[in-house]
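I opened my notebook to look through one structure, step by step. Here is what I looked up.

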Amino acid sequence: MLAQQLFDLTGEVALVTGASSGLGARFARVLAANGAKVVLAARRLDRLESLKHEIGANAHAVAFDAADRSSFTKAFDAAERVFGRVTLLVNNAGIATGSFFVDTSPEEWDRIQAVNVDAVWLMAQEAARRWITAKEPGAIINIASVLSYRVSLANSAYAVSKAAVAQMTQAMALELARHDIRVNAIAPGYIVTEMTDNFLKSPAGQKRIQAIPQRRAGAPSDLDGALLLLASRHASRFMTGSVVVVDGGHLTSFT
Ligand SMILES: NC(=O)c1ccc[n+]([C@@H]2O[C@H](COP(=O)([O-])OP(=O)(O)OC[C@H]3O[C@@H](n4cnc5c(N)ncnc54)[C@H](OP(=O)(O)O)[C@@H]3O)[C@@H](O)[C@H]2O)c1
């Protein structure tokens, strides 16, 4: 099969959470550029509207708050009213913490787990239930992290949440394969976005970059290949439960 056909997403309807900035905005642009209709979901609707304007008729913005469960079904319903059945869920919305373990308040722990774990789990459940009821296939891409596998200082709640994302990807894949639903994840290393920009510019961040074998932080576009691979029902039809690491080699040398 030619590469263009292998990664052609025509007919797909992708719901991308956290599409208002960083990786999510990039994912939405790339999916749309390869033929998918994209539903942009986040809290900052002004940003979603400007991305929608940039992408054009194949994009639609919906309000979504990962900390507010009542917005989950509403996001799917709103997406379906405009583009029909969602066929691909990109569970990307996430937040990071900057606290040491002993200083992490119960509220901070709850906030991180609600957005990074509970919302990922519940959005995947919502998607899977709709696909199973409709007897239609579907795909889920969860956004994990190199911190799914390693830990670093002042990131404990985040690292625990991302470990859960990697583990739930495999658990969901196991149970959903019989319904023709693929569940995979991308585990990015350090990528320059609003989440990491300040840290990566700091002396500690510069030192961290020196521990990456490729000696640089990634750009959101460095995830394009992994995204298209996992999004395409042709390219990754025999892949489920995989966590694709994209980190410039960081996991080989983690500090
Ligand atoms: N950048 C990296 O180096 C890196 C590495 C590994 C993994 N990741 C993961 O990649 C994902 C995207 O991060 P990023 O780097 O692109 O960061 P970012 O630029 O800060 O984007 C985070 C996105 O998540 C959304 N979000 C946060 N809280 C939300 C909530 N309560 N409800 C709905 N949306 C919410 C934000 O949208 P609103 O604020 O508009 O709601 C925003 O669109 C995250 O899961 C992150 O953990 C990033």
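Predicted model: local features only at pLDDT ≥ 70, side-chain atom pairs only at ≥ 80, totals over all residues.

Residues are numbered from 1 along each chain as its sequence is written, and side-chain values use heavy atoms, with hydrogens and water left out.

**Entry: overall build.** I looked up nine helices and seven strands in the chain (DSSP runs numbered from the N terminus: helices are H or I with at least four residues, strands are E with at least two). Buried residues make up 52% of the 255 residues (buried is under 20% relative accessible area, exposed over 50%, partly exposed in between, with a 1.4 Å probe and protein chains only).

**Entry: the inside.** The largest nonpolar core has 35 residues; such a core is a set of buried Ala, Val, Leu, Ile, Met, Phe, Trp, Tyr and Cys residues joined through side-chain atoms within 4.5 Å. Among the members that touch the most others I found L15, F64 and M123. Helix α5 (106-134) is one of the elements that give two or more residues to this core, and α5 gives the most, with 10 residues. I then checked F64: leaving out residues up to four places away in sequence, F64 touches A41, F72 and M123, among others (contact means heavy atoms within 4.5 Å).

**Entry: salt bridges.** How many salt bridges does a search of the whole structure find? My page says 13, each being a side-chain nitrogen of Lys or Arg within 4 Å of a carboxyl oxygen of Asp or Glu. The side chains of R130 and D77 meet in one, at 2.9 Å from N to O. R130 lies in helix α5 and D77 in helix α4, so this pair ties together parts that are 53 residues apart in sequence. I noted R130 as buried, at 19% relative accessible area, while D77 is partly exposed, at 32%. Both belong to a network of salt bridges that also links E80 and E126.
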